[in-house]
Amino acid sequence: MTETKGSLLLAWQVKDKHCLVIGAGDVALSRIHHLIIAQAKVTVVTGISKDVHPEILDLNAQGKIHKLIQRNYQSEDLQMYETASTQLDYTKLVLDDFKEVANLVNESFACVCCCIDDYALSTKIYYQCKLLRLPVNIADKPPLCDFYFGSMINQDNLQIMISTNGKSPRLSKLIKDNIARQFSGVDVNKAIENLGLIRSRLRELILIDDDLVTIDARMSWIKELTDFYTIKQWSSITLTSENTDSPYEKVDKIVKCFPEYPPCDFVDFVKFIDT
């Protein structure tokens, strides 16, 4: 029996955290784009300046790169923002220590992406990161990666990642393009916003508590409601109003049906929320 090998696909929260990209070619540019979408503070160490991808220079000029350093990599770069030290014992942390810990985390790199052609140097960078306990991705070397960059579909709130564990990036892209075509002409992000708004108003108005019974009731109700209509139908309606006195009138009409539901026929549903 063939052993199944896979990685754990996660949504990694790097917003407002320092992330380092080493290199300045096409692969580095791809990593930078991913990190910018994730709202990370991106630092780029380019190597020799004549090899910098022009789009990286443009992103820096637009203020989308936190810091652009046009020189060869130096080992000290891995700790360039670290200024604080601590004597805290992790087994004895108390509430007053949490802020100090948060400051330490914010000074270290959340991840390091090495995108250079020098095999010896990239291997050294990998082990330097391991010694410093930094998550690292060495481009085109899956055994030297704590995480992979798959092919991504990004539509604001909607994110879909397709990964082949670094074995076939081209196939990942082909699968991604096939999935993306299924959403052609559909504003998936609006559907997500609509359902997210219903979910949040349900919690604010009806099912306020967070005990297990209430959470289960909330999840079951929103699941059933979501399945009533297609993604395209959810994306075709506007649930907020420009009326500042009652911007959520339509949403509140829906959630006040709980524990029952609004009409399951979409035409009747639209009439229900509009009247």
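In which loop does Arg-133 lie? The views below answer this and describe other parts of the chain.

This is a predicted model, in which local features need pLDDT of at least 70 and side-chain atom pairs count only at pLDDT 80 or more, while totals for chains, interfaces and linings use all residues. Residues are numbered from 1 along each chain as its sequence is written, and side-chain values use heavy atoms, with hydrogens and water left out.

View 1. Arg-133 lies in the loop between helix H4 (119-131) and strand S5 (136-138), where helices (H or I, at least four residues) and strands (E, at least two) are DSSP runs numbered from the N terminus. Most residues other than glycine have a negative phi. Arg-133 counts as exposed because its relative accessibility is 73%, and Asp-140 counts as exposed at 76% (buried means under 20% relative accessible area, exposed over 50%, partly exposed in between, with a 1.4 Å probe and protein chains only).

**View 2. A cis peptide bond joins Phe-258 to Pro-259.** Omega of this bond is near 10°, and Pro-259 lies in the loop between helix H9 (249-255) and helix H10 (266-274). Most peptide bonds, by contrast, are trans.

**View 3. Helix H6 (residues 188-205) packs with helix H7 (residues 212-228).** Their axes, which are lines fitted to C-alpha atoms over the stretch in contact, with angles running from 0 to 180 degrees between N-to-C directions, are 11 Å apart and meet at an angle of about 150°.
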